[in-house]
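Here is a short report on one protein model. Please keep the sequence and the 3D view open while you read.

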Amino acid sequence: MTTRPVILQSLGRMAQRLSAFVDRVADVTAGVAIVVLVAAVMLQVVARYVFQSPPPWTEELARYAMIWAGLIGATMSFKRRFDPALFSAVPRNPWLAIVAGLIQSLTVLIYLIPILWFTFFGPNMNVNRGFLLRHSRITSETLDITTFWVAIAVPIMIIFILIHLVARWFEPPAPEAHDIEA
């Protein structure tokens, strides 16, 4: 059994703590978003069927809360390994496990890094055409807020998942089946 250098152990603990902290933030944020979503929908239903006059902003608020709950909930799913996986079983061969982990990491990075890039930069590195800056100039129809506050959930989700991915790199290897039975 090999031991990791002290610097890697320290980085690993730091990554694990940051991942756990980010997951707690995500848990609270997603919980609040779900409460807002349910409250907005309930208010809309009661106002529509009891008073025949639903406020126009409830549907938009529920939609935005659903976006936040879904994106932040995805980070929680990734942290808990409930995300779709290319390889569901832990390979017995340590080299195969490394290759599987590398493929999983590359898949996440290849998918998320370009999205994160284009949240800040548009075509030809034009910041004015980036996703977030464009949304900072768009106002929602009924809530009278910029849609930046909805769009910011995208880079937050990506950053959270990247933090969890780095923490995964420092996780100890899973025990093999014959080690557990012994």
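Read along the sequence, the protein chain runs α-α-α-α-α-α-α. The secondary structure comes to seven helices and zero strands. Helices (H or I, at least four residues) and strands (E, at least two) are DSSP runs, numbered from the N terminus.

This is a predicted model: local features need pLDDT of at least 70, side-chain atom pairs count only at pLDDT 80 or more, and totals for chains, interfaces and linings use all residues. Residues are numbered from 1 along each chain as its sequence is written, and side-chain values use heavy atoms, with hydrogens and water left out.

## The chain as a whole

The protein chain has 182 residues, and buried residues make up 28% of them. Buried means under 20% relative accessible area, exposed means over 50%, and partly exposed lies in between (1.4 Å probe, protein chains only). The accessible surface of the chain comes to about 12,200 Å². Carbon and sulfur atoms hold 71% of that surface. These areas come from the Shrake-Rupley method with a 1.4 Å probe; for residues, only the protein chains shown count as cover.

Contacts tell about the fold too. Contact means heavy atoms within 4.5 Å. Take the contacts in the chain with a separation of 6 or more: 64% of them join residues 24 or more positions apart.

## Helix α1 against helix α6

Two packed helices are described by the angle between their axes and the distance between the axes. Helix α1 (residues 6-49) packs with helix α6 (residues 153-169) at an angle of about 145°. Their axes are 8 Å apart. Axes are lines fitted to C-alpha atoms, for helices over the stretch in contact, and angles run from 0 to 180 degrees between N-to-C directions.

The contact draws on Ala-15, Gln-16, Leu-18, Ser-19, Val-22, Asp-23, Val-25 and Ala-26 of α1. From α6 come Phe-160, Ile-163, His-164, Val-166 and Ala-167. By class, this contact has nine nonpolar, three polar and one charged residues. Ala, Val, Leu, Ile, Met, Phe, Trp, Tyr, Cys and Pro count as nonpolar; Asp, Glu, Lys and Arg count as charged; the others, Gly among them, count as polar.

Arg-48 also lies in helix α1. Arg-48 is partly exposed, with a relative accessible area of 39%. Not counting residues up to four places away in sequence, Arg-48 touches Ser-53 and Pro-54.

## Aromatic pairs

Rings of Phe, Tyr and Trp (its six-membered ring) pair if their centres lie within 6.5 Å; planes under 30 degrees apart count as stacked, over 60 as edge-to-face and the rest as tilted. By this rule there are two aromatic pairs.

| Pair | Centre to centre | Angle between planes | Type |
|---|---|---|---|
| Trp-117 and Phe-121 | 4.6 Å | 35° | tilted |
| Phe-148 and Trp-149 | 5.1 Å | 85° | edge-to-face |

Trp-117 is partly exposed at 39% relative accessible area. Phe-121 is partly exposed as well, at 23%. Trp-149 is exposed, at 53%.

## Loops and positive phi

Most residues other than glycine have a negative phi. Asn-124 has a positive phi, near 60°. Asn-124 lies in the loop between α3 and α4 (131-136), and is exposed at 77% relative accessible area. Asp-144 likewise has a positive phi near 60°. The loop between α4 and α5 (148-151) holds Asp-144, which is exposed at 64%.

Is Ser-140 buried or exposed? Ser-140 is buried, at 6% relative accessibility. Ser-140 sits in the loop between α4 and α5. Beyond residues up to four places away in sequence, Ser-140 touches Glu-60, Tyr-64, Ile-145 and Thr-147. The C-alpha atoms of Ser-140 and Val-150 are 9.8 Å apart, at ten residues along the chain.

Arg-134 is in helix α4 and is partly exposed at 40% relative accessible area. Leaving aside neighbours within four places in sequence, Arg-134 contacts Asn-128 and Arg-129.

Ile-113 belongs to helix α3 (residues 94-120) and is partly exposed at 39%. Ile-113 and Pro-155 are 42 residues apart in sequence and 9.9 Å apart in space, C-alpha to C-alpha.
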